[in-house]
Amino acid sequence: MEGLMINLNSISVRHNSDHCSLPPTSTSSLSKGLYKLPFRTMRKFKASKLVVTSAQAPHAATPAHVDNSVPNREVLEKWRNADAVCFDVDSTVCLDEGIDELAEFCGAGKAVAEWTARAMGGSVPFEDALAARLSLFKPSISQLQDFLERRPPKISPGIDQLIRKLQSKNINVYLVSGGFRQMIKPVALQLGISPENIFANQLLFGSSGEFSGFDKNEPTSRSGGKATAVQDIRKAYGYKTLVMIGDGATDLEARKPGGADLFICYAGVQLREAVAAKADWLVFNFQELINSLE
């Protein structure tokens with residue numbers, strides 16, 4: 001069957017004619033899975049458990065020229081009045097960069113990590129970096145399954161408490177990532193976040209389970225994509241105050257008209273100075289954000 005693609009997230013099949021449909025116009029359509037058909041030749045996927053860390057992640061000292069580690073009154077007011085918070089996943093919700101971990105598992109860790117550093121620093125277009133990294137190791141569906149079973153995601157200290165705190169205040173939580181849905185869905189389920197609140201990329205596989213690329217229709221597959229996803233979320237639900245939390249240049253991009261009102265740089269895993277310097281608030285642990293909501 002020409003153009004056959006398999007999506008591990010929903011274990012479904014589609015043709016290229018479906019793949020070229022018009023871009024979605026709402027968050028609900030953005031986050032829906034593909035048309036589902038049975039695929040009996042695939043072995044059953046086993047859900048993995050997350051590794052919850054007990055110690056605070058290591059981080060570098062605050063640069064001397066950065067003065068935004070103490071929030072001003074306006075920033076605190078926006079944070080406390082937020083009705084939606086969007087989190088980056090890699091090096092924010094989770095301690096690792098998912099694509100780096102998958103690449104290492106597949107034997108191409110060093111080369112891919114170098115590309116990740118360039119992408120997160122904003123020195124190359126995200127879509128170019130994503131394509132380049134995947135081309136270095138081309139993960140098959142069986143490799144992805146083995147990886148998820150053997151190396152469950154490690155979530156950052158305090159993120160589960162922060163998300164519970166936000167949800168207790170009826171603040172909606174989203175995961176907006178340049179990573180892959182197949183790797184993020186277990187994280188969302190562990191943290192009590194609806195899969196429909198995931199905005200991320202999709203790995204695509206051929207009929208024999210071989211790697212065949214990624215879904216370029218996903219907003220997060222290209223530079224500025226997180227900003228587009230956040231704008232779509234806001235437009236769909238009419239949020240008055242929306243906050244973006246992350247560590248990279250693509251997260252910073254989400255703070256634009258119609259997108260995030262506030263960008264909080266989380267540097268508890270990775271401190272990217274160029275991003276931190278432009279953030280509204282620089283934090284090194286999630287407890288600080290929890291305490292500020294009391």
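In the predicted model, the buried positions of helix α6 are F126, A129, L130, A132, R133, L134 and F137. An α-helix has 3.6 residues a turn, so residues three or four places apart point the same way. K138 follows α6 and has a positive phi, near 40°.

Helix α9, formed by residues 181-190, is mostly covered, with seven of its ten residues buried. These are R181, Q182, M183, I184, P186, V187 and A188. A residue with positive phi also follows this helix: G192, for which the angle is near 75°.

Among the strands, β4 comprises residues 84-87 and includes V85. The relative accessible area of V85 is 0%; this residue is therefore buried, the cut-off being under 20%. Once neighbours within four places in sequence are set aside, V85 is in contact with W79, with L166, with the run I171, N172, V173 and Y174, and with V243 and I245. The separation between V85 and L175 was also computed: the two residues are 90 positions apart in sequence, while their C-alpha atoms are 8.7 Å apart in space.

Conventions:
Residues are numbered from 1 along each chain as its sequence is written. This is a predicted model: local features need pLDDT of at least 70, side-chain atom pairs count only at pLDDT 80 or more; totals for chains, interfaces and linings use all residues. Side-chain values use heavy atoms; hydrogens and water are left out. Buried means under 20% relative accessible area, exposed over 50%, partly exposed in between (1.4 Å probe, protein chains only). Helices (H or I, at least four residues) and strands (E, at least two) are DSSP runs, numbered from the N terminus. Contact means heavy atoms within 4.5 Å.
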